[in-house]
Amino acid sequence: MKPASFVYHRPTDLGDALAALAEVGHDGKVLAGGQSLVPVLTMRLAAPGHLVDINRLAELRHVTVTGDAVRVGALARHTDLERDEPAYAVLPLLRRATAHVAHRTIRNRGTTVGSLVHADPAAELPAVLAVLAGEVELVRAGGGRRLVPAGEFFLGPLESAVRPGELAVSATFPVPPAGTGSAWLELSRRRGDYALVGVGVLVTLDAEQRVTRVRAGYVSVGPTPIVLDLTDAVAGQRYDEAAWAAAGALAATLVHPEEDIHATAAYRRHLVAVLTSRAAQRAGADAAGTGAGTEGAE
Amino acid sequence: MTEVRHDVRLRVNGVERSAAAPARRLLSDFLRHDLRLTGTHVGCEHGVCGACTVLVDGRPMRSCLLFAVSVDGAEITTVEGCRSGDGGLGPVQQAFLECHGLQCGFCTPGFITTITAYLAEHPDPTEEEAREAIGGNLCRCTGYVNIVASVLRAAELIRSGGRPA
Amino acid sequence: MTTKLFGEPIPRREDPRLVSGAGRYLDDLGPDALAVAFVRSPHAHARIIDIDVTDALDVDGLVAIYTYEDLAGRVAEPLPVLIPHPALHAPRTAHPLANGVVRHVGEAVAMVVATDRYVAEDVCDRIRVGYRPLPAVVGIDAACAATHRVHEDVPDNTAARLVQEVGDAPAAIAAAPYRLELELEIERSASMPMEGRGVYARWDAADRSLRVYSSTQTSTSLRFALATKLELPVDRVEVVTPDVGGGFGVKIVHPWPEEVLVPWAAIRLGRELRWTEDRREHFVASAHERGQRHRVRVGFDADGRLRGLDVTFWHDNGAYTPYGIIVPVITATQLLGPYRPGAYRVEFASLYTNTVQVTPYRGAGRPQGVYAMERTMDAIAQQLGIDRATVRERNFIQPEQMPYDHGMIFQDGRPLIYDSGDYPAAMAMLKELVGWDDFAAYRERARAAGRRVGIGLACYVEGTGVGPYEGAHVRVETTGQVVVATGLTSQGQGHETVFAQVAADALGVPIDDVTVVTGDTRRFKYAVGTFASRAAVMSGSAVALAAGKVRDKAVRIAAEALEADPGDLEIVDGAVQVKGDPAARIALGTVAALANPLRYSFDAQTALATQFAKAARVDRPPVADDDEPGLEATDYYSPIRSTFAYGMHAAIVETDPETADIRVLRYCVVHDCGNLINPRIVAGQVHGGVAQGIGGALYERLAYDRDGQLLNASFMDFLMPYASEVPAIEIAHLQTPSPLNPLGVKGAGEAGVIPGSAVLASAIEDAEGFRISRMPISPSELWELRQRHATGASPADRDPADRDPVDREGS
């Protein structure tokens, strides 16, 4: 289990990085945290001819909170985002979900944006970007820049919209409207494993603490992160009396999970119902300011 | 076709070290075979077992998931560097010895580095926190019971100035 | 006074080096050695059409490529059948490199030697092997159906059949007032030590001698095997076992293909070679265990007492049988546990499949047997409405019935006779420890809070310390230092510590003066190996015997020097002294000098033994006819039969009523391995075993698809427990000494793992209220079972009549 050889590029600024990526095209891969990429290379499931290492691009290591969003640079590690207090203050779902990404040692190196680009449907951050309707900023040499919304970013398992020559330089996670609470829940075989099913739920309440919107993003139930609007199931109900199970039941009818060695499709569908209902209840309480949106594992 | 080699300079356990290595050289192999610091062990080479954990600029990371060239210039701490100032066993090492926190010893270096970094930030963990702190490292021998005890004992040793009570 | 060390939980003497990164494991050796990698089969079953190395030849750093065609002589022959057995009528083993056919994914096809492992893998990638795939036989059903064959000349895919009978079980069952039939299954797991296998070989061409380092559980036997395979005189081969990163059974198999090939190529090339197994290789090219299906028929009376037990089981032995049928033989005998079965009949078929070979993994067939018996006990309790602990108590062999002869043959070819034990006392302790009698109230409180909990228990008896023998050599140097050498190896059990405890006590020296060497054939040449929980019993006893001889000799020599009666002497703190007169003493180092009459001295100490040093007795030779120079001795311990440890486990689990997630809340162990040499080390062994038991019950399986591809050959998907999956483990010890050995000890290495699946199945069944008959069990499977039981679609016990492969020849 040793990687095949590759040509190594270590640009020190963004311009050089983009030039290198333009040069290597299809035969190149970006090395950021590498926590998903390196095992793939080590097992020789992929053998790109070039790696462009962006770890010297200090300008990309940032977590920035603006009024209505949290912007995460391509070199921000999971741990950076997880521990960022201003980001937590405006968008606690980021910490709640990131805490479930593998284990601390992986989060210390792996990057949030890298996880998005890797587009693993079993990973947490793609679902978070999707449920928040965020976007990814892609740039290329020569000044090309595009903002790809989450809904168009995840194309399939391990397939994102990043094209050869492009670098994902940041991701933007919009802060949901006032009155919104969040929760993240997942069930994994062992703590730190990829979730059998994971869900992030956003519940928005009106001034009377009645539900106006329920939005859920899922991990491990489809080829890409799945986002569902479950508002209809509980709209108008007070958060502390809402029939959250109905939201879960609705979600279960809308997903088409697959079987693998760890879980049957039917069981995954069942978990979607249970975890959605539990997470929605917590998100409702979170929105009402009466309870935490849970940092714990289920 | 001769592979290009890159000069890699690291400060390992406080000492400047360098060697030339191909870009694909994993940090775990670089430490073990180029610098001959064989205390860092390789248990899975896909980032799950944690035996190869070293501290990179103070943070625990899997050395099997890093290319040496990519961390050029970094400060690295391996299990060999977790000794006490006087060259004796460091507090985490001492705690493992006192609590029978190891059997075959193969996973132990990864636990010791991980716990060293953890205790630097959390000097007084509860038993549950201690268990959580080692949650990303696999051990096939101990059932973790005595490793959890070792974390608590190490915290005690550090708080009391590193001296066995 | 020298403190008695036997029974003391002293810290381990190997730990200072292991905690500081100064251990020496296989891959730490030979930094300048060439690296070896293997091209392995991607097919479960295929004919090799051709092997084309053309593209690989220009890789910079390539040294050599070998295929089966390059092998000759005994290296080209199939690997040995290590443990032949009369019932193993069709043993089959692999060639070191595939000879035309591959029979499992991972079988070695070509060997590559290169300057480093990266380059070696580059070469492997460029070797093109043409395969013609053959149908794969995967799983017990396919093996029994025998539509396809694993080995062309084994038409029924059956390696072995064995029947053992005591009394007439079918008749006893037919006549019993109550009867039950259960079908039970356990899936594959694996030892999965954190360090894989590895071999490092050095050939000294001038000396024509070979030194091989291997991460093995038996260096002595590997030495003999290599001498045979490589056609070298035994005294030209030495095998050294360095620090070993865990074994758990898998490393007892030898010689592995790689263990033959690496030294073979080292000789051919005249270079140092090292192969370090990577994790992916370990999954597909070492060994697995556990996979069995059992059909149990049992007859019992109204009190739950067994009248007859008739067990048929099918054992999936994978593609080859290098380790014979030890695993199913152990299952068949150890299934009986602490119980009197009435009449007993057991029959098994050991079956070939196109999967990785099956050889012992910690527990070695016992977890399956215990699972079958304990599931049966629970079923009897349920049928009769009797408490599960009570049913077990009623069937226990009683202490006054020891030694108890089951009338069967055990895995060592000797009678299955339990030497000692107090099962009722252990059960009483366990019930107290776990709060068995208070659990109903706890369950009610949990239920009121919307929680679902269950309790389970399981008992086992474990034959430990199997022969044939182990030996030890104890030498006192003129410095007073004591060096103990024993042939068996260590994989983390703390042998350097416990054997030093035994030797220090026997000799009366401080433990700091004792050094222990294990697994190095340069130091001790006759040994069997480290497996079957035998090291403490076998080598521990041998060390005690050898040290006793040294002690006697020291006393005899000192008596002469002190002009005292040997009976008046004792050894205290490293010196022989007259009892009651500590002033009259002579240091052991001095005794060692005197024990070796010298012509030449090289220090003051040895000068004492030279020929003009003292008034020599000229009426006898300096070394008597029945004596030898030196203060040292070798002795061997060879037991009449195995000694039987036992234990009982209880667990409390919680199952989520909605998600079916399973959590172990408490895990309690009562354990009796006779006298404890080092209680801390024994507890550690139990802890580790329990974690593996939990892993095997709830997390670990080796998932093969129908084509024989292993779907989870990584630590991402083969789920060994992390700390988050293992609860605190509560242990109580009983100590019933074994009458069979000088230390009164029994083995402890495997104990913890044995009842894992049984106890957790029992607890989950208790929580859920329906029969659990397949392990391991995942939340997904538990949830699926709930669905089936909710709709009434799943009877507790399936009718096994539709597949009865053992009987099929007669049908």
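How many residues does the contact take from chain B, and how many from chain A? The count is 21 residues from chain B and 22 residues from chain A. Keep in mind as you look around that this is a predicted model.

Let's stay with that contact for a moment. On the side of chain B that touches chain A, the biggest giver is strand S4 of chain B, residues 59-62, which puts in 4 residues. Sorted by class, this side of chain B has 9 polar residues, 7 nonpolar ones and 5 charged ones.

Now turn to where chain C meets chain B. Here the contact takes 43 residues from chain C and 46 residues from chain B. If you want to find the chain C side by its elements, look for helix H1 (15-19) and helix H17 (679-699) of chain C, the elements that give two or more residues to it. H17(C) gives the most, with 7 residues. As for the classes, the side of chain C that touches chain B is made up of 22 nonpolar, 12 polar and 9 charged residues.

Along the principal axes, the C-alpha atoms of chain C fill a box of roughly 95 × 70 × 50 Å. How does that fit with the length of the chain? A compact globule of 811 residues would have a radius of gyration near 28 Å, and chain C has 28 Å, so the two agree. Of those 811 residues, 59% count as buried.

The domain assignment gives three pieces to follow: domain 1 (33-134 + 191-285), domain 2 (163-190 + 288-466 + 640-792) and domain 3 (467-637). Notice how domain 1 and domain 2 are each put together from separate stretches of the chain. The C-alpha centres of domain 1 and domain 2 of chain C lie 36 Å apart. Where these two domains touch, the contact takes 30 residues from domain 1 of chain C and 25 residues from domain 2 of chain C. And which classes turn up on the domain 1 side? The side of domain 1 of chain C that touches domain 2 of chain C divides into 19 nonpolar, 7 polar and 4 charged residues.

How values were computed:
Residues are numbered from 1 along each chain as its sequence is written. Chains are lettered from A and ligands numbered from 1 in the order in which they are written. This is a predicted model: local features need pLDDT of at least 70, side-chain atom pairs count only at pLDDT 80 or more; totals for chains, interfaces and linings use all residues. The radius of gyration is taken over C-alpha atoms; the globule rule is 2.2 Å times the number of residues to the power 0.38. A residue is buried if 20 or more other C-beta atoms lie within 10 Å of its own, exposed if 12 or fewer, and partly exposed in between; C-beta atoms are placed from the backbone. Two residues are in contact if their C-beta atoms, placed from the backbone, lie within 7 Å. Ala, Val, Leu, Ile, Met, Phe, Trp, Tyr, Cys and Pro count as nonpolar, Asp, Glu, Lys and Arg as charged, and the others, Gly among them, as polar. Domain bounds come from an automatic or database domain assignment.
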